[in-house]
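Please look through the sequence and the model below before reading on, and keep both in view as the paragraphs take you from one part to the next.

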Amino acid sequence: MSDPVLLYTSPGCPDCAAVRRYLKEHDVAYEERDVTAPGVAEEAKSRYGVRVAPITVIAGEVLWGTFAHQKPRLDELLAGT
């Protein structure tokens, strides 16, 4: 995978922690952005249409929702690397 994954998170979010852990377990480089930081939630909303963490941008595809919801597609995307 050429570009690192972009991960929007918020402090104390269990699904954010689960996505982060999953990426680390699979040795996937990622850039993390905290949606509680000034302007970050607005950035996510303007770019991806959603501002609620976790938001995972991987291989040009935007995933959001719970870790359980994201995991099947993460598995597929990572299998293709």
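Helices (H or I, at least four residues) and strands (E, at least two) are runs assigned by DSSP and numbered from the N terminus. This is a predicted model, in which local features need pLDDT of at least 70 and side-chain atom pairs count only at pLDDT 80 or more, while totals for chains, interfaces and linings use all residues. Residues are numbered from 1 along each chain as its sequence is written, and side-chain values use heavy atoms, with hydrogens and water left out.

Phe67, Gln70, Leu74, Leu77 and Leu78 of H3 are buried; buried means under 20% relative accessible area, exposed means over 50%, and partly exposed lies in between, using a 1.4 Å probe and protein chains only. The buried residues of H3 pack against helix H1 (14-25), strand S3 (55-58) and strand S4 (61-64).

From this packing we can turn to the nonpolar cores, each a set of buried Ala, Val, Leu, Ile, Met, Phe, Trp, Tyr and Cys residues joined through side-chain atoms within 4.5 Å. The largest has 13 residues, and those with the most contacts inside it are Tyr22, Leu23, Ile58, Phe67 and Leu74. Strand S1 (5-9), H1 and H3 each supply at least two residues of this core. Apart from it lies another core, of twelve residues, among them Cys13, Ala41, Ala53 and Ile55. As for leucine 23, if its neighbours within four places in sequence are left aside, this residue is in contact (heavy atoms within 4.5 Å) with Val5, Leu7, Val28 and Tyr30.

Cysteine 13 also takes part in a disulfide, joining cysteine 16 with a distance of 2.5 Å from S to S. A disulfide is here a pair of cysteine sulfur atoms within 2.5 Å, and by this rule the count comes to one. The link of cysteine 13 and cysteine 16 is right-handed, with 80° about the S-S bond. Cysteine 13 counts as buried because its relative accessibility is 14%, and cysteine 16 is buried because its relative accessible area is 0%.

How do S3 and S4 pair? They run in the antiparallel sense over four bridges, two strands being paired if DSSP finds at least two bridges between them. Isoleucine 58 has glutamate 61, in S4, as its bridge partner. The two strands form a hairpin with two residues between them, and alanine 59 in the turn has a positive phi of about 50°.

Alanine 59 is not a glycine, yet its phi is positive; at 64% relative accessibility, it counts as exposed. Aspartate 27, in the loop between H1 and strand S2 (30-34), likewise has a positive phi, near 50°, and it counts as exposed because its relative accessibility is 74%. The peptide bond from alanine 53 to proline 54 is cis, with omega near 0°, and proline 54 lies in the loop between helix H2 (40-48) and S3.
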